[in-house]
Amino acid sequence: ALVVYLMLRKISKNAAIISLPFSLIVFTKIFVTSFTWGQWQAAVAYMFFTAALWALSEINSKKMFILFAIFASACFMTHYPEFIFLAFFMVLYAAIKFFTKDLKKEEIKNLTLAALLILILTFWEILRFYGIWLVC
């Protein structure tokens, strides 16, 4: 929740302050039940998903594409659906930047390098995913 607050603070301080009470969801019965009933994969994937979104928002920083690729790969290896949403957000981020003519060559390079690094880091898991879910 703190990472989401820090990301929203860049956009709007009011939106960030409004989002703070949502961090209390961690202490609700539903969230605690997900831990006690064995939904650890999804809970850890949410953490990697949030961290990857933060790294994506900072993709222009030096070598941040490496951190983004590590978080995205960890998200893929933890729980596939969260990575699918993350890939959607990555494409949406690039598309919005492209159509607003705000996409720089360095961002294209960083996103491409991150995608290649994700592919390299998750190659074995991609084969498992293909064997388990796509071959029926």
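Biologist: Which residues are linked in a network of salt bridges?

Modeller: Lys-97, Asp-102 and Glu-107 are. Keep in mind that this is a predicted model.

Biologist: How far apart are the closest N and O atoms of Asp-102 and Lys-97?

Modeller: They are 3.3 Å apart. For Glu-107 and Lys-97 the closest N and O atoms are 3.4 Å apart.

Biologist: How many salt bridges does the count come to?

Modeller: The count is 3. One of them joins the side chains of Arg-128 and Glu-125, at 3.1 Å from N to O.

Biologist: Which helix holds Arg-128 and Glu-125?

Modeller: Both are in helix H8, residues 123-134, and they sit 3 residues apart, which is about one turn of the helix. Glu-125 is buried, with a relative accessible area of 10%, whereas Arg-128 is partly exposed at 39%.

Biologist: Changing topic. Which residues form a nonpolar patch on the surface?

Modeller: Phe-85, Phe-88, Phe-89, Leu-92 and Ile-96 do, and together they have about 490 Å² of accessible area.

Biologist: Where is Ile-96 found?

Modeller: Ile-96 is in helix H6. Its relative accessible area is 48%, so Ile-96 counts as partly exposed, the limit for exposed being over 50%.

Biologist: Now the inside. In the largest nonpolar core, which residues touch the most other members?

Modeller: Phe-68, Ala-72, Phe-83, Leu-86 and Ile-118, out of 21 residues in that core. At least two residues of this core come from each of helix H4 (40-57), helix H5 (64-78), H6 and H7.

Biologist: Which helix gives the most to this core?

Modeller: H5 does, with 8 residues.

Biologist: What does Phe-68 touch, not counting residues up to four places away in sequence?

Modeller: With those left out, Phe-68 touches Ala-52, Ala-55, Leu-56, Ile-59, Leu-86, Met-90, Ala-114 and Ile-118. Leu-86 and Ile-118 are also among the core residues that touch the most other members.

Conventions: Residues are numbered from 1 along each chain as its sequence is written. This is a predicted model: local features need pLDDT of at least 70, side-chain atom pairs count only at pLDDT 80 or more; totals for chains, interfaces and linings use all residues. Side-chain values use heavy atoms; hydrogens and water are left out. A salt bridge is a side-chain nitrogen of Lys or Arg within 4 Å of a carboxyl oxygen of Asp or Glu. Helices (H or I, at least four residues) and strands (E, at least two) are DSSP runs, numbered from the N terminus. Buried means under 20% relative accessible area, exposed over 50%, partly exposed in between (1.4 Å probe, protein chains only). Patches are made of residues with over 30% relative accessible area and no salt bridge: like charges are joined within 9 Å, nonpolar side chains (Val, Leu, Ile, Met, Phe, Trp, Tyr) within 5 Å. Accessible areas come from the Shrake-Rupley method with a 1.4 Å probe; for residues, only the protein chains shown count as cover. A nonpolar core is a set of buried Ala, Val, Leu, Ile, Met, Phe, Trp, Tyr and Cys residues joined through side-chain atoms within 4.5 Å. Contact means heavy atoms within 4.5 Å.
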